[in-house]
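I opened this model to take a few notes for myself. The entries below follow the order in which I looked things up.

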Amino acid sequence: MVDPTPTFPFVLFSLLLLGLGNGVVCLEEKRVLSLHKIQPKLQRTVTGCFSQKSRREMDATILEMKHRDDCSGLTGDWNEKLQKRLTMDDQRVKSLQSRIRRTVSSNTQDDSSAQIPVTSGIELETLNYIVTVELGARKMTVIVDTGSDLTWIQCQPCYSCYDQHDPVFKPSTSPSYQPIFCNASACQSLQSATGNSGVCGSSSPTCNYVVNYGDGSYTHGELGHENLSFGTVLVKDFIFGCGRNNKGLFGGASGLMGLGRSDLSLISQTSGIFGGVFSYCLPSSQRKGSGSLILGRDSSVYRNSSPVSYTQMIENPQLYNFYFINLTGISIGGAALQDQSFGQGRILVDSGTVITRLPRTIYKSLKTQFLKQFSGFPPAPAFSILDTCFNLSTYEEVDIPTIKLHFEGNAELTVDVTGVFYFVKSDASQVCLAFASLEYVEEVAIIGNYQQKDIRVIYDTKKKKVGFAPESCSFK
């Protein structure tokens, strides 16, 4: 029995005894979580929004990016923000599931590298990570999304747009901007990239695009060419969407960077430069932390602490744009979960979803085993999609079982200790297991970005594989 008092040495000792008594936990299968170090805190200072620093490392171009908190100063009610993000994440997943269903039903048929710092987009009221790039020589902050293909930004004149932190791009003032016409091949590629064909009016030959995200979010505008820069690496005539009507869960970002696999995605458009390979490392700290987005196959710039383990992508002609892999198992504190659905389906690796979604039977098994090993702590009410919660407000540190996801080819992803619990309340009085169950049997399982923190995730679209390696994510 774990003493509910917050005396950490005794708590840690009791937890270890409990685990050893069950016969499923050994010392190396648990990790210490320092609650006070990861609790959200208010920030009151304001510094520059954009860093001027950049460097070349090996064949990589590296740009520094600061957290958007540096632009905003004092953050408001943290409890409200933390809870709102879960609600928004639920909407994001419903949108993604809707898009997958619509896609399936409508389709019954040595390189240089650029490294871009990536940090959590929490201050932008988005659930995603953001990077800063230059489009038409203007700095812009965009959401990084492996679940999307078309890169788009808001443009002036903007007929219906959400508020963004950066100045809205005005193509009429850029000498390198050119519209794309209806007879161009890029216009024909919109169907596979967005699910909607290009729209051409009788009064204008310009190719118009429509992207509906399924939850009411959308962006409408025209396709255009513009120069895109990643530090010293220039991508000429980059095809993107110039959004004139935009609404949804994009927060204060200028737009979205599509890292999917269709012809219009950034990865496909830059394959001649970067070889169709990109990777990211998402920082474990939501605030004041930077990671990196690396374009190119130069692995010498990675800082992984152990070798990369790769698994093959699952190919599906109907869902070619997405990154699916085969989940073969999950272990909690060294104990392997038992479920017949392991190895029988697919799981989507997605940078835009926050909380990992698992099939009902697998989630039930994970929850049961986790509670078996993490017991004796006062419970807290469930919240939103999270139903396994604790009151850890009187603890400075807790010892939690290691969670590992296993994939085909003996690849594995060890969830960082900061990716196991989600803080619903900033004082740790409501801390929940950061995994959730899918609502319906036919829905697709998703590995969210909360479980990808401090992991180098590599996408090789040429060799059709995804890799994972532990890495202490930092831009420095």
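I then looked up its place: D237 is found in strand β11, residues 233-247. Strands here are DSSP runs of E with at least two residues, helices are runs of H or I with at least four, and both are numbered from the N terminus. D237 is not a glycine, yet has a positive phi of about 55°.

A note on the source. This is a predicted model, in which local features need pLDDT of at least 70 and side-chain atom pairs count only at pLDDT 80 or more, while totals for chains, interfaces and linings use all residues. Residues are numbered from 1 along each chain as its sequence is written, and side-chain values use heavy atoms, with hydrogens and water left out.

Next I took the whole protein. I noted nine helices and 31 strands. The protein has 476 residues, and buried ones make up 57% of them.

I moved on to the loop between β7 and β8. P157 is found there. A cis peptide bond joins Q156 to P157, with omega at about -5°. S160 sits in this loop as well, between β7 (152-154) and β8 (178-179). S160 has 33% relative accessibility, so it counts as partly exposed. Which residues does S160 touch, leaving out those up to four places away in sequence? I found Y218, R244, N245 and N246; contact means heavy atoms within 4.5 Å. S160 and N245 are 85 residues apart along the chain, but their C-alpha atoms are separated by 4.6 Å.

Then I checked T353. It is found in the loop between β19 (347-349) and β20 (356-358). T353 counts as buried because its relative accessibility is 0%. Its side chain joins that of D350 in a polar contact of 2.6 Å. A polar contact is a pair of N or O atoms within 3.5 Å; within protein, one must be able to donate a hydrogen and the other to accept it, and residues adjacent in sequence count only if both atoms are side-chain atoms.

I turned to an open sheet of four strands. Its order is β21-β22-β27-β26, with antiparallel pairing. β21 (379-380) and β26 (421-423) are the edge strands, each pairing on one side only. Two strands pair if DSSP finds at least two bridges between them. β21 and β22 (residues 389-390) pair over two bridges in the antiparallel sense. I noted that A380 has C389 in β22 as its bridge partner.

My last entry is a hairpin. β24 (residues 403-407) and β25 (residues 411-414) pair in the antiparallel sense over four bridges. L405 stands opposite L413 in β25. Three residues lie between the two strands, and G409 in the turn has a positive phi of about 85°. N410 lies in the loop between β24 and β25. N410 also has a positive phi, about 65°, although it is not a glycine. At 75% relative accessibility, N410 counts as exposed.

Note on methods. Buried means under 20% relative accessible area, exposed over 50%, partly exposed in between (1.4 Å probe, protein chains only).
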